[in-house]
Amino acid sequence: MAVVYSQSAFMSLSDQLDHLIQEIRSNPPSLRKLDLSNYQIGDDNGYRLGQALIQNTHIETLNLNSNRLGLRTAQALVDVIRVHPTLRVLSLNNNWLRDEGCVLLASSLTNSIRHPSQSKLEVLNLSNNHIGCMGAIAMATTLCNNNDNQLKQLSLDDNFCGAEGCQALAKSLSENSTLEQLTLKGNYGGHLSAKSFLQSSKTNCTIYRLSLDCSISCRRQLEYWLFFNRFGKRALASELASSLWPLVLEKSAGKAHLMHPLIEGRPEVLT
């Protein structure tokens with residue numbers, strides 16, 4: 001069952017949240033998806049919601065987009081992510097988590113002796129949260145420890161990660177083997193971070209969607225490697241002589257659907 005809440009003209013926001021929190025704590029097995037997007041509950045109420053979620057064991061998808069959430073909410077969600085047995089999708093787009101909140105959420109995905117984590121989270125959306133370099137580096141560290149989590153999709157669009165933060169994320173892909181999709185548009189990463197992503201994409205065998213600001217030439221080269229991951233053809237790319245890569249890109253015009261025939265089905269076009 002999916003629950004989408006909207007403000008009622010007959011109940012105050014506080015009364016509606018009290019009712020919702022009570023329902024979450026009652027832990028009904030049918031409550032699998034909770035959508036509170038654009039509800040503007042604020043950070044204190046976000047903390048209350050997080051505390052209630054610790055007692056819930058059935059919610060799989062939680063949408064808290066556009067709710068003016070900040071550090072207090074992040075503090076509550078850390079424990080939720082670490083222990084919740086079914087939560088797989090968490091969307092926090094368009095809030096105010098900043099670096100501090102991002103660091104906390106990144107820590108919740110990493111297992112340690114002091115803070116053990118059994119996170120089942122696969123999709124995390126932190127776009128438009130005023131996250132800077134420090135938050136991006138913390139998330140990159142988490143991605144390097146990929147054996148500790150099951151994260152497959154990470155969205156960080158429209159933040160302030162900058163060149164240093166984006167390069168840290170790029171380098172983390174060289175060690176990560178679980179992430180499949182990463183979006184980083186609008187982060188002022190610059191040319192060097194795009195080159196770092198290109199370098200990492202040559203060895204990463206799982207990521208198949210990578211969205212970032214880069215030149216057309218860089219995008220075409222990235223798409224070459226992403227294509228092989230997307231269709232499980234990485235072995236082909238590994239066996240192809242490196243001297244032929246530019247020719248493949250030129251003849252396919254950077255179009256993924258043409259690359260596989262060029263390499264596997266019609267090798268004569270490379271001569």
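Axes here are lines fitted to C-alpha atoms, for helices over the stretch in contact, and angles run from 0 to 180 degrees between N-to-C directions. Keep that in mind for the helix pair later.

First, the ground rules. This is a predicted model, so local features need pLDDT of at least 70 and side-chain atom pairs count only at pLDDT 80 or more, while totals for chains, interfaces and linings use all residues. Residues are numbered from 1 along each chain as its sequence is written, and side-chain values use heavy atoms, with hydrogens and water left out.

Now the overall picture. The protein has eleven helices and eight strands. Those are DSSP runs, numbered from the N terminus: helices are H or I with at least four residues, strands are E with at least two. Of the 271 residues, 49% are buried. Buried means under 20% relative accessible area, exposed means over 50%, and partly exposed is in between, with a 1.4 Å probe and protein chains only. The accessible surface is about 12,500 Å², and carbon and sulfur atoms hold 52% of it. That area comes from the Shrake-Rupley method with a 1.4 Å probe; for residues, only the protein chains shown count as cover. Next, contacts, meaning heavy atoms within 4.5 Å. Take those between residues at least 6 apart in sequence: 79% join residues at least 24 apart.

Back to the helix pair. Helix α5, residues 133-144, packs against α6 at about 5°, with the axes 8 Å apart. That makes the two roughly parallel. The cut-offs: under 35 degrees is roughly parallel, over 145 roughly antiparallel, 65 to 115 roughly perpendicular, and the rest oblique. On the α5 side, the contact includes Cys 133, Ala 136 and Leu 143. On the α6 side, Gly 165 and Ala 168 are among the residues involved.

On to the rings. How many aromatic pairs does a search of the whole structure find? Two. Rings of Phe, Tyr and Trp (its six-membered ring) pair if their centres lie within 6.5 Å; planes under 30 degrees apart are stacked, over 60 edge-to-face, and the rest tilted. Phe 160 and Tyr 188 are stacked, at 6.2 Å centre to centre and 15° between the planes. Phe 160 sits in the loop between β6 (153-155) and α6 (162-172), and Tyr 188 in the loop between β7 (181-183) and α7 (190-201), so the pair ties together parts 28 residues apart in sequence. Phe 160 is partly exposed at 47%. Tyr 188 is exposed at 62%. Then Tyr 224 and Trp 225: centres 4.9 Å apart, planes at 85°, so edge-to-face. Tyr 224 is buried at 1%, and Trp 225 is buried at 6%.

One ring also meets a charge. The charged end of Arg 72 sits over the ring of Tyr 47, 4.1 Å from its centre. The test: NZ of Lys or CZ of Arg within 6 Å of the ring centre and within 35 degrees of the ring normal.

Backbone next. Most residues other than glycine have a negative phi. Asn 38 has a positive phi, near 60°. Asn 38 lies in the loop between β2 (33-35) and α2 (42-53), and is exposed at 54%. Ser 66 also has a positive phi, near 55°. Ser 66 is in the loop between β3 (61-63) and α3 (71-83), and is buried at 11%.

Last stop, Ser 155. What does Ser 155 touch, not counting residues up to four places away in sequence? Leu 124, Asn 125, Leu 126, Ser 127 and Thr 183. Ser 155 is in strand β6 and is buried at 18%.
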